[in-house]
Amino acid sequence: HGRTGEQVYRGLAGLFIIHDGEEKGIGLPTDQFDLPVIIQDRSFDNENQFSYLDNGMMEQVTGFLGDQILVNGSVDRNISAGNCAYRLRILNGSNSRIYKLAWEDGASLTVIGTDGGLLEKPKQLNYVVLAPAQRVDLWVDFSSMKMGELKRLINLPYNALGGETAFSILTVNVSKEVDNSEKLPDKLSTIVWHKSENAANHNSPRSFKLQMARGMNWTLNGRLFDKEKVVDNEVVKLGDLEIWEFENSPSSGMGMMGGLNLPHPMHVHGLQFQVIQRDHTFLAPDLWESFKDGIIDEGWHDTVLVLPGEKVSILLRFQDYTGLYLYHCHNLEHEDMGMMRNYLVNA
């Protein structure tokens with residue numbers, strides 16, 4: 001604790017790729033056509049070494065933002081591809097930067113999966129919003145492109161910290177003739193959804209306020225991380241289905257930086273959840289307009305972006321194991337400042 005941001009920044013980030021029988025039976029791209037894409041931002045000093053949090057306390061409060069983009073560890077990443085379908089498994093491995101991903105030519109992105117697996121059916125979007133720790137799987141078909149033609153994945157500008165300008169993420173060079181005729185499936189998976197009315201706390205969801213307190217520390221319900229301790233609001237029962245609410249309201253700014261509100265990607269360990277509601281009552285309209293068409297709430301998630309002024313409700317079932325688990329902001333600088341707590345699953 002307190003060093004996660006620097007450890008991830010200096011290289012401790014990667015993917016576990018998991019397959020199951022349902023996925024293998026629908027004909028998705030595999031092997032060399034199934035590509036991991038880990039996006040991270042970095043800054044370099046005069047000796048070409050990583051430079052981390054060298055700009056004072058404010059950089060930690062807001063979260064680190066680098067000035068160069070790395071994909072799978074390389075700057076200006078260029079991938080040589082065949083003229084066929086690919087599966088891109090994209091991870092936002094950055095410490096705090098949110099990405100608004102789009103194709104430079106304006107083509108739609110075809111989303112087939114999120115953090116916890118495949119969607120029920122493909123979803124077409126003009127752009128995808130990806131917060132730290134979030135994953136998205138894209139189906140990309142290069143079969144109509146000519147040899148030597150390029151396709152670029154870019155970041156579009158958005159109205160929040162770090163989103164002021166557009167920049168390139170990844171260039172794909174279609175340079176190989178491939179005999180591969182895979183088609184996008186109409187149906188991807190079968191999902192058995194939880195039902196909100198079955199939640200044990202349906203009439204009184206657990207509330208978690210995302211706020212600054214205690215002199216420039218980000219907190220959860222005013223509390224900082226405390227190793228193995230929990231409070232009553234953090235004790236749940238094995239097998240229960242619950243509704244949790246993460247509230248990032250304008251009134252939560254406190255302390256020396258009173259009124260400061262930033263996005264918080266909230267991550268819950270040990271399970272996958274559904275996003276069931278977003279309350280925009282106090283969310284700035286221009287900020288919502290920047291993101292609303294690229295936020296993917298369908299499917300299973302373990303990380304959800306909560307924008308300033310927003311309240312997001314999720315539905316979770318605590319199954320399989322008892323014990324302590326973490327929930328925290330996945331802006332790693334916020335996590336290191338104490339914006340992380342335990343929850344306890346009791347039998």
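Which strand pairs with strand S11 (residues 150-155), and in what sense? The partner is strand S12 (residues 167-176), and the two run antiparallel over six bridges. Welcome to this predicted model, a chain whose secondary structure comes to five helices and 22 strands. Here is a short tour.

**The chain as a whole**
- With a radius of gyration of 20 Å, close to the 20 Å that the globule rule gives for 347 residues, the chain is as compact as a globular protein of that length.
- The C-alpha trace spans about 60 × 55 × 35 Å along its principal axes.
- Of the contacts between residues at least 6 apart in sequence, 80% join residues at least 24 apart.

**A five-stranded sheet**
- Strands S11 and S12 belong to an open sheet of five strands, ordered S4-S12-S11-S6-S9, with mixed pairing.
- Its edge strands are S4 (78-82) and S9 (128-130), each of which pairs on one side only.
- From one strand to the next, the twist averages 25°.

- Buried residues account for 51% of the 347 residues in the chain.
- The accessible surface comes to about 15,800 Å², and 47% of that belongs to carbon and sulfur atoms.

**Cysteines**
- Cys84 counts as buried because its relative accessibility is 1%, under the 20% cut-off.
- Cys329 is buried too, at 0% relative accessibility.
- A disulfide is a covalent bond between the sulfur atoms of two cysteines.
- In this model, the count of disulfides comes to zero.

Key
Residues are numbered from 1 along each chain as its sequence is written. This is a predicted model: local features need pLDDT of at least 70, side-chain atom pairs count only at pLDDT 80 or more; totals for chains, interfaces and linings use all residues. Side-chain values use heavy atoms; hydrogens and water are left out. Two strands pair if DSSP finds at least two bridges between them. Helices (H or I, at least four residues) and strands (E, at least two) are DSSP runs, numbered from the N terminus. Axes are lines fitted to C-alpha atoms, for helices over the stretch in contact, and angles run from 0 to 180 degrees between N-to-C directions. A disulfide is a pair of cysteine sulfur atoms within 2.5 Å. Buried means under 20% relative accessible area, exposed over 50%, partly exposed in between (1.4 Å probe, protein chains only). The radius of gyration is taken over C-alpha atoms; the globule rule is 2.2 Å times the number of residues to the power 0.38. Contact means heavy atoms within 4.5 Å. Accessible areas come from the Shrake-Rupley method with a 1.4 Å probe; for residues, only the protein chains shown count as cover.
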